[in-house]
Amino acid sequence: MKTAVYLLIFTLTLIACSTPAAPEFDLRPTYLNEVSRGWGFFSDGNYGLASTNFRIAIKADEQRIWPEAYIGLGWSLAMRDSLTKSINNFNTALSRPPLSTQDSLSIFSGLSLAYRDITPPNYTLVRDNALYVLEIDPDFVFEYKHSINADDLQAVLAEAYFNLAQYEEAAAIADPDSLLDPESASYQTDLLTKINLLITLSREGE
């Protein structure tokens, strides 16, 4: 009798061990669908709705391992002037490697512009992030809003150089034909006027 019981237990154990586990539900398609919807709203200028979809995507990423939704949320918040939260989301995206080149350019361009608009601006990070993007892609165009491009980054880069007292670097962007006289008493004022014009033209392009 005991032998039969042991055999039964052994048989049930084998069955339990050999029964395949239920397949895990793949959340990646759901995640990517929400990200796609978010970028669609973003491109249409509906930044609030875009933020909602990116947040849904983040919730779908239960292990918090994918960067795309954080990038989208970072940009959506930046467009709504929620700059501290925008920067936080860009930095979170940076902690989700590996990143594609396009993802990296989207993050660092967003950080450059956000650090320029935050109060007070962080011109060192404006400069460093803009340089990162322009060195990799001098003709950068943001995939989901083409009016944001290398010209915008050049404008904020010139402004950053000026505020960091790197006047030659600022002039190389804002006064490429060297029309201003560095020996003039009004040189810095004149250079800043040219930089502000670049910023204005950049904003008008939005």
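I began with a term I would need throughout: a residue counts as buried under 20% relative accessible area, as exposed over 50%, and as partly exposed in between, with a 1.4 Å probe and protein chains only. I noted next that this is a predicted model, in which local features need pLDDT of at least 70 and side-chain atom pairs count only at pLDDT 80 or more, while totals for chains, interfaces and linings use all residues. Residues are numbered from 1 along each chain as its sequence is written, and side-chain values use heavy atoms, with hydrogens and water left out.

**Entry 1: the whole chain**

I looked up the secondary structure, where helices (H or I, at least four residues) and strands (E, at least two) are DSSP runs numbered from the N terminus. I found 10 helices and 0 strands, which read along the sequence as α-α-α-α-α-α-α-α-α-α. Of the 206 residues, 41% count as buried. The protein exposes about 11,800 Å², and carbon and sulfur atoms supply 56% of that area; accessible areas come from the Shrake-Rupley method with a 1.4 Å probe, and for residues only the protein chains shown count as cover. I then turned to contacts, meaning heavy atoms within 4.5 Å, and saw that among those with a separation of 6 or more, 55% join residues 24 or more positions apart.

**Entry 2: α5 against α6**

How do helix α5 and helix α6 pack, and at what angle? Helix α5 (residues 83-94) and helix α6 (residues 101-117) pack at about 155 degrees, with their axes 10 Å apart. This makes α5 roughly antiparallel to α6. I wrote down that axes are lines fitted to C-alpha atoms, for helices over the stretch in contact, and that angles run from 0 to 180 degrees between N-to-C directions. Angles under 35 degrees count as roughly parallel, over 145 as roughly antiparallel, 65 to 115 as roughly perpendicular, and the rest as oblique. The residues of α5 that meet α6 include L83, I87 and F90, and their partners in α6 include I107, F108 and L111. By class, this contact has 10 nonpolar, 4 polar and 1 charged residues, where Ala, Val, Leu, Ile, Met, Phe, Trp, Tyr, Cys and Pro count as nonpolar, Asp, Glu, Lys and Arg as charged, and the others, Gly among them, as polar.

**Entry 3: α6 against α8**

I followed α6 to helix α8 (residues 150-163), where the two axes come within 10 Å and cross at roughly 45 degrees, and α6 and α8 are therefore oblique to each other. In this contact S109, S112, L113 and R116 in α6 meet D152, L153, V156 and E159 in α8, and these residues divide into 3 nonpolar, 2 polar and 3 charged.

**Entry 4: backbone in the loops**

I kept a general rule beside me: most residues other than glycine have a negative phi, and most peptide bonds are trans. A cis peptide bond joins P97 and P98, with omega about 0 degrees, and P98 is found in the loop between α5 and α6. The bond from T119 to P120 is also cis, with omega near -10 degrees, and P120 lies in the loop between α6 and α7 (123-136).

Which value of phi does R64 have? R64 is not a glycine, yet its phi is positive, about 55 degrees, and R64 sits in the loop between α3 (47-60) and α4 (68-79). At 34% relative accessibility, R64 counts as partly exposed. A165, not a glycine either, has a positive phi of about 60 degrees and lies in the loop between α8 and α9 (167-174). At 48% relative accessibility, A165 counts as partly exposed.
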